[in-house]
Amino acid sequence: MYLRAIKKSLELYREENIELFTQLQVAQQKYQSITGAMSVKINEQEYTLEQAANFLKDTDRSVRQNAWETIQQRRLADKDELNVLFDELIAMRHKVALNAGFENYRDYMFQALGRFDYDVKDCYDFAVAIEKEVVPVLKEQAEKRQVALGLTALRPWDMEVSTTGKPMLKPFNNGQELIDKSISCFAAINPSLGEKLSIMKANGLFDVESRMGKAPGGYNYPLAETGAPFIFMNSANSLRDLTTMVHEGGHAIHTFLTANLELNDFKHCPSEVAELASMSMELISMDNWDVYFDNEEDLVRAKKEQLADVLKTLPWVAVIDQFQHWIYTNPNHNAADRETAFKQIYTLFGAGFADWTDFEQQFGNLWQKQLHLFEVPFYYIEYAIAQLGAIAVWKNYKENPEKALEQYLAALALGYTKPMNEIYETAGIKFDFSADYVRQLANFVKDELNKLG
Ligand SMILES: [Zn+2]
């Protein structure tokens, strides 16, 4: 695997791209500073966008609408600046591709990302499978939501609120509690997993709370010298933050399990593998989410919201992926064309299943919140591949927890010393994203959702 990657890098290497890579890195940083500085005032109080998003779960519809519009307004204020930045990035990336002898940046990136196990056509087919097999399930869920909320139309601010009529779930009250509860949760899956998070806590390897001016996002960062992981996130005490924590916790376990591999490159897994580790953990950990909730009702609600999110990931990934295919195979487009293309693609995948009347601008600008487009181009389809894999791991776990966990950990311990499909097989699952497989797994999640009532 290592030599294959080295050969590929040599093939792609061009002296004249070095300077461009430096410029790209500097320009990409601007996205973080622009979006990291975004905050909004609601009821005379200043909130980060992460914190403000909690208002979208408020049971009072006017509170939700006001928060949603305020957040969108804030994003639109920097729309042009981000469009100019994005135009610059696209132009530079296109040049990198031409320098390396490719027709476009898409084809270049498929090589540069080391996609040896699937191609452009697989991505298009996968998108069609998601459109056909997952979008209808989510449409059905949205219709149920509309009825439950008693609305004539679901608006963009109606998508996050609980249909139980209850306020948002609060799985923990602050960063410290999130860390402690997550240690208990992991320990309940397997004591060795809990120990690993405890080591992180003892060494100050968590920065979890949202605060003004903090860079957005959440991730696990492996520290090369010590071999320990570091978890960075922007928690605002919501269920989403619980999910982020167990997700990053999965990455952290991966970091620990690969720390002793011979070469550093063996530890750097492609995302299809890395995200399998994290997304599987989101689902596996669900059996032990009782540590975050003191009553059954909240626990069931949390699981339902999580499972609905699992399915929702797939169309959004398809949108961002297909959008990037469009962007880089049409390098001469302008900001208006881009917005039109985004709207068309998003509509194909359900447009979030909301009615966007009167909010055309906000609708067309949604892509700007996706940091991957700016900072890690073409890194996105991996989430859908890994999400499918994670559902399959969880299916195994439901049938035989001990065996499934053993296989999962064995796959993680391989790092990137085997081809992708072998790693998936070690985890006890298929490396497959055919329509058939998508349907099977989507139905499995749907059944599990129905079991929860
Ligand atoms: Zn991840």
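Reader: In which hand does H18 pass H21, left or right?

Author: This is a predicted model, and in it H18 passes H21 in a left-handed crossing.

Reader: What angle do H18 and H21 pack at, and how far apart are the axes?

Author: Helix H18, residues 381-399, and helix H21, residues 435-451, pack at about 55°, and their axes are 10 Å apart. That angle makes H18 oblique to H21.

Reader: Which residues in H18 and H21 meet?

Author: From H18 there are Leu388, Ile391, Ala392, Trp394, Lys395 and Lys398. In H21 they meet Tyr437, Val438, Leu441, Phe444, Val445 and Glu448. The residues of this contact divide into 9 nonpolar, no polar and 3 charged.

Reader: How do H13 and H18 cross?

Author: The axes of helix H13, residues 271-284, and H18 come within 7 Å and cross at roughly 45°. H13 and H18 are therefore oblique to each other. H13 passes H18 in a right-handed crossing.

Reader: And which residues in H13 meet H18?

Author: Ser271, Glu272, Glu275, Leu276, Met279, Ser280, Leu283 and Ile284 do. The residues they meet in H18 include Glu382, Tyr383, Ile385, Ala386, Trp394 and Tyr397. This contact of H13 with H18 divides into 12 nonpolar, 4 polar and 3 charged residues.

Reader: Tyr383 again: buried or exposed?

Author: Tyr383 counts as buried, because its relative accessibility is 15% and the cut-off for buried is under 20%.

Reader: What kind of aromatic pair do Tyr380 and Tyr383 make?

Author: Let me start with the count, which comes to 31 aromatic pairs. One of these is Tyr219 with Phe232, which is stacked, at 4.9 Å centre to centre and 10° between the planes. That pair links distant parts of the chain, with Tyr219 in strand S4 (residues 219-222) and Phe232 in strand S5 (residues 229-235), 13 residues apart. As for Tyr380 and Tyr383, their ring centres are 5.0 Å apart and their planes are at 65°, so the pair is edge-to-face. Tyr380 is buried, with a relative accessible area of 8%.

Reader: How accessible is Tyr219, and how accessible is Phe232?

Author: Tyr219 counts as partly exposed at 34% relative accessibility, whereas Phe232 counts as buried at 11%.

Reader: Switching topic. Where is Asn237?

Author: Asn237 sits in the loop between S5 and H11. Its phi is near 65°, a positive value in a residue other than glycine.

Reader: Is Asn237 buried or exposed?

Author: Asn237 is buried, with a relative accessible area of 15%. Asn43 also has a positive phi, near 50°. Asn43 is in the loop between strand S1 (39-42) and strand S2 (45-48), and at 64% relative accessibility Asn43 counts as exposed.

Reader: Back to helices. What angle do H11 and H19 pack at?

Author: About 60°, with the axes 8 Å apart; H11 covers residues 239-258 and H19 covers residues 401-413. H11 and H19 are therefore oblique to each other. H11 passes H19 in a right-handed crossing.

Reader: Which residues meet there, in H11 and in H19?

Author: On the H11 side they are Gly250, Ile253, His254, Leu257 and Thr258, and on the H19 side Tyr408, Leu409, Leu412 and Ala413. They divide into 6 nonpolar, 3 polar and no charged.

Reader: Where does Pro167 lie, and what is it in contact with?

Author: Pro167 lies in the loop between helix H8 (135-149) and helix H9 (175-189). Leaving aside neighbours within four places in sequence, Pro167 is in contact with Thr59 and Arg301. Pro167 is exposed, with a relative accessible area of 56%.

Reader: How far is Pro167 from Tyr424?

Author: Pro167 and Tyr424 are 39 Å apart in space, C-alpha to C-alpha, and 257 residues apart in sequence.

Reader: Last one. How far apart are Ala77 and Met38?

Author: They are 39 residues apart in sequence and 9.6 Å apart in space, C-alpha to C-alpha. Ala77 lies in helix H4, residues 61-77, and at 58% relative accessibility Ala77 counts as exposed.

Key: Residues numbered from 1 in each chain as written. Predicted model: local features only at pLDDT ≥ 70, side-chain atom pairs only at ≥ 80, totals over all residues. Heavy atoms only, no water. Axes fitted to C-alpha atoms, helices over the stretch in contact; angles between N-to-C directions. Helix = DSSP H or I, 4+ residues; strand = E, 2+ residues; numbered from the N terminus. Parallel < 35°, antiparallel > 145°, perpendicular 65-115°, else oblique. Left-handed = near helix turned anticlockwise from the far one by under 90°. Contact = heavy atoms within 4.5 Å. Nonpolar A, V, L, I, M, F, W, Y, C, P; charged D, E, K, R; others polar. Buried < 20%, exposed > 50% of the residue type's maximum accessible area, 1.4 Å probe, protein only. Phe/Tyr/Trp six-rings, centres within 6.5 Å; stacked < 30°, edge-to-face > 60°.
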